Amino acid sequence: MKQETTSIERLFRQHYSKMYHLARYILFDTDECHDVVSDVFARILEDKITLLPDTEEAFLLRSVRNRCLNLIARKSVKERATRQLLDDTTGVMAADDDERLDQLMLIISHLEPPLRQQILRLRYLQEMSYQEIADNLCVSKVTVYNHLSQAMDTIRKHLKTTKR
Amino acid sequence: MKEETINKKRTQLLDMQEHPDRYTEEAFNDLLTDEDVRRFAYDMAMTKRAMRKHEREEVDVDRTWKAFSTRHQPRHRNRIKVVAATIGIIFLSSIAFAAVLRWGFFRSTRSEIPNHNQPVIAQKHPNTSLQDTIPAQQDSTSNLPIVFDDAELATILNQMAAYYHVEVVFQRKQSKHVRLYFRWNRQKSLSQQLELLNAFDRINLTLSDHTLIVD
């Protein structure tokens with residue numbers, strides 16, 4: 001029994017950060033993300049699941065991912081659209097999705113003008129409203145909208161040529 | 001002209017994101033039927049993901065662990081159960097072990113036993129206990145939990161249905177393609193499985209009269 005507790009502690013300490021990070025870029029919300037990761041560990045304790053060292057990380061990450069996607073699927077269209085949660089109707093994120101995200105990041109980091117990148121950063125990392133972004137950057141809300149729209153056009157064009 | 005409507009619809013979506021309380025669920029649904037808007041929303045969500053992925057947030061794992069471990073202290077009752085089960089297993093296996101010893105002992109050196117009544121009883125006893133233990137062991141290997149990894153609900157349920165001798169009826173096609181990770185412990189009953197599966201938000205199963213209905 002003692003050994004079991006220490007092993008869950010080891011799993012937790014070793015993998016929590018990575019699991020949380022994964023949840024954070026699928027689900028975004030801090031509290032929800034912590035809950036998801038905790039739930040995965042709670043489930044392991046409850047069901048007395050023994051993980052094999054070779055596959056434990058993959059298992060834990062997949063569990064987090066599935067839980068996040070299940071949570072998103074339960075949300076209303078309105079909430080998903082507002083929070084910009086990706087509705088993976090095709091099922092689980094494809095394995096090459098991570099690669100695509102890296103590619104996408106490369107495109108984002110080359111967006112011009114710098115203002116465009118700044119808008120994205122304030123919106124997606126700081127979770128500011130469009131009005132707050134406009135006020136922050138001393139531009140109109142319409143300008144913010146236009147930059148976003150054009151940024152997405154660039155992204156779509158690039159993603160098309162690279163994949164999909 | 002066309003570009004104008006595209007921009008109008010995109011602006012509409014952005015405005016709805018800004019003031020979700022002003023719009024109904026239907027309004028969102030309607031707008032998202034538009035191919036371009038849907039793609040626009042998808043690209044924005046992907047962008048958010050990509051940027052989030054590249055931004056690390058420090059987590060105080062130590063504090064989180066402490067919070068977790070106080071909330072999920074191993075329950076006392078569970079521990080007793082485990083201990084009791086272990087004792088049970090040890091007890092059983094020692095009976096079997098003793099039986100094997102005795103049985104083997106009798107077969108080779110029967111004449112050395114002075115007692116007349118005991119051999120008959122003893123011989124009968126080990127035989128049955130051996131039969132009990134051997135099939136039990138075979139069972140436990142074939143009863144290892146089956147792990148479905150990223151499997152479709154239809155795949156899982158069809159296998160279960162065959163095993164538990166029920167029929168599956170899918171009321172909605174989409175339900176077949178819900179993907180999940182699931183551990184199927186075949187030593188548990190079908191209703192126990194359903195309880196586990198129903199814990200998933202997207203799954204709703206009911207069993208009535210040897211028919212498993214998937215909502």
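Below come a few notes on the model, then the exercises.

This is a predicted model, where local features need pLDDT of at least 70, side-chain atom pairs count only at pLDDT 80 or more, and totals for chains, interfaces and linings use all residues. Residues are numbered from 1 along each chain as its sequence is written, chains are lettered from A and ligands numbered from 1 in the order in which they are written, and side-chain values use heavy atoms, leaving out hydrogens and water.

**Exercise 1.** Find the salt-bridge partner of A:Glu32, and decide whether A:Glu32 is buried or exposed.

*Solution.* Start with the rule: a side-chain nitrogen of Lys or Arg within 4 Å of a carboxyl oxygen of Asp or Glu. Now accessibility: A:Glu32 has a relative accessible area of 19%, so it's buried (under 20%; exposed is over 50%, partly exposed in between, with a 1.4 Å probe and protein chains only).

**Exercise 2.** Work out how far apart B:Asp62 and B:Lys66 sit in their helix.

*Solution.* First, their side chains form a salt bridge at 2.8 Å, N to O. Next, both belong to helix H4 (residues 61-71) of chain B, 4 residues apart, so about one helical turn separates them. Finally, both are partly exposed: B:Asp62 at 32% and B:Lys66 at 48%.

Terms used
Helices (H or I, at least four residues) and strands (E, at least two) are DSSP runs, numbered from the N terminus.
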